[in-house]
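Here are my notes on the model, as numbered points. Please read them with the structure open.

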Amino acid sequence: MAQALFEKLKEYKDSMLPMHMPGHKRNLALSGPGGYLEALCADCDITEIAGFDNLAEPEGLLLSLKKRAAALWHSEEAYPLVNGSTCGILAGIFATVPYGGSVLVARNCHKSVYHGLQLVNARVTYLMPEQERTTGIYGGITAESVEAALNKAPDAGLVIVTSPTYEGVLSDMEGICKVAHTYGVPVLVDSAHGAHLGFGSFAKSAIECGADIVVQSLHKTMPCLTQTAMLHRSGNLVCGEEIQSAINMFQTSSPSYLLLASIDGCIGLLEERGEELFCAWQEALDLFYAEAADLKYLSVMKAEQMSGLPGGTAKGEQKEPVSRENSKIVLCTAGTNLTGPELMQRLRSEYRIELEMAAEQYAVAMTGMGDTKESLLRFARALKKIDETCSKVSMKEIRCPALPVARLSMGEAMHAERVELRLTDAIGRVVAEHLWAYPPGIPVVVAGEEISEELAAYLSEKRKQGVELHRKNGMCKGELLINVVVDL
């Protein structure tokens, strides 16, 4: 096995006088004993210098890293990313969609997808997953819906789907890829939450299902530092040179070698101990689900609770229940006296447990390879303690608004003259920015769409329930304001 990048960095740090970036010059004494430079291993923080390759044009150790990642995840080419999955999403769209091109997009995609579509001023046809009635969680995208959309938009040049979602919902990626490829259309999958898929007993990855571009956040579930990700390319519908060129456009030209070393280390760990570690992770999950099975008021959502939604493989006239992967623990508060944000707050303040996200009637706990039986047992027991204090209330359904009517393209709306109005005064107007709940970062209304009374009421209710809404300039605080297009 090749020398690990981190070991090479440690070996190099005392051997050369650095008359180059970065400005700390590997001088740990600057921040004092135990200071931030020492704690953050700044003595291993280098730039692209002789012997350490060039991420934009890899020929040596970074090319080897790429090949090892491709072999591990079974893709044809793998591209390490140090600007997160966002960089990969932007690059994937920019490399495949001509300016003004037509794209099929799952409506529940992350805001980074919408930013990419905005950059190329794409013409968008939405793939609409249904939503579970008590939580509002989106189901999966079906192959049938993709085929129907391709028939209506025959000039579509790309299909974009998120699988798994923040809540672990999996779309029928094998069916979707088969349909799209019949039409000669590539498939881009935002699998930021799915770097672990395809390993151990977890579900098949989008790569294995035939997707052309798959973007994964390594840091979300794998033993890798925050901001690390991977873009995978397979098949002959997407040009590798165009992908690399687009990545070079969106990714920093001064990549952190500490981040690259964590990617290299993660790959090495999976190569050597992957089977053992995935087995341990699954055993810890099984223990959690068994321990939490007897909750009386709160509930841990299972796939069958979403069985009324489409999202599986067709079997005659029937469809299989929505498929979910169980590393995402979805805690349902519907029918209890707690909201999702309230549950999140209680776990934080009473048990020192921080969840990933909360929505009106559910919350999400993300697990990863670093979780243990002990940590997940602690979590389950905290939930049981809170459950003992809960009471039953009438079950409320989440009534999601209809898809807003698009009056302009995203690009047109974003560049139009605008004025900021209160939400109540913006009804009937066309928005000039995206507005989303974060996390998970899915836009509720997209630039170019019209705000209806129903949508305005929905947004107001979300805020009352403690759900954070974000817009172009950050989180919405105080009165809800939004930019709208002038004189349309």
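1. Strand 7 is covered on both faces. Ile 213, Val 215 and Ser 217 are buried on one side, Val 214 and Gln 216 on the other. Buried here means under 20% relative accessible area, exposed over 50%, and partly exposed in between, with a 1.4 Å probe and protein chains only. Strands (E, at least two residues) and helices (H or I, at least four) are DSSP runs, numbered from the N terminus. Five of the five residues of strand 7 (residues 213-217) are buried, so the rest of the structure largely encloses this strand. In a regular strand the side chains alternate between the two faces of the sheet.

2. A word on the basis. This is a predicted model: local features need pLDDT of at least 70 and side-chain atom pairs count only at pLDDT 80 or more, while totals for chains, interfaces and linings use all residues. Residues are numbered from 1 along each chain as its sequence is written, and side-chain values use heavy atoms, with hydrogens and water left out.

3. What does strand 7 pair with? Strand 6 (residues 187-190) runs parallel to strand 7, over three bridges. Strand 8 (residues 229-233) runs antiparallel to strand 7, joined by five bridges. Pairing requires at least two DSSP bridges between two strands. Val 215 stands opposite Asp 190. Val 215 also stands opposite Leu 231 in strand 8.

4. Strand 21 (residues 481-485) has four of its five residues buried, so the rest of the structure largely encloses this strand. Strand 16 (residues 418-422) runs antiparallel to strand 21, with five bridges between them. Glu 420 has Asn 483 as its bridge partner in strand 21.

5. Helix 4 (residues 84-96) passes a simple length check. Among the buried residues are Cys 87, Ile 89, Leu 90, Ile 93 and Thr 96.

6. Strand 14 pairs with strand 15 (residues 362-366) over three bridges. Ala 359 has Tyr 362 as its bridge partner in strand 15. Contact means heavy atoms within 4.5 Å. Axes are lines fitted to C-alpha atoms, for helices over the stretch in contact; angles run from 0 to 180 degrees between N-to-C directions.

7. Four strands form another open sheet, in the order 18-17-19-20, and the pairing is antiparallel. Its edge strands are strand 18 (442-445) and strand 20 (474-475), each pairing on one side only. Two bridges join strand 17 (residues 435-437) to strand 19 (residues 469-471). Ala 437 stands opposite Leu 469 in strand 19. Helix 14 (residues 453-464) packs on this sheet, touching strand 17, strand 18 and strand 19. Its direction makes about 130° with that of strand 18.

8. Is His 434 buried or exposed? His 434 is buried, with a relative accessible area of 2%. Its place is in the loop between strand 16 and strand 17. A polar atom of the His 434 side chain lies 3.1 Å from the backbone nitrogen of Ala 447. Residues touching His 434 include Tyr 114, His 115, Met 410, His 470 and Arg 471.

9. The largest nonpolar core has 117 residues. Such a core is a set of buried Ala, Val, Leu, Ile, Met, Phe, Trp, Tyr and Cys residues joined through side-chain atoms within 4.5 Å. Trp 73, Val 159, Ile 160, Phe 288 and Phe 379 touch the most other members. Helix 10 (residues 257-291) gives the most to this core, with 15 residues. A second, separate core of 19 residues includes Ala 437, Ala 456, Val 467 and Leu 469.

10. Ser 394 is exposed, with a relative accessible area of 68%. Ser 394 sits in the loop between helix 12 (373-388) and helix 13 (410-414).

Key
A polar contact is a pair of N or O atoms within 3.5 Å; within protein, one must be able to donate a hydrogen and the other to accept it, and residues adjacent in sequence count only if both atoms are side-chain atoms. Lists of a residue's contacts leave out its neighbours within four places in sequence.
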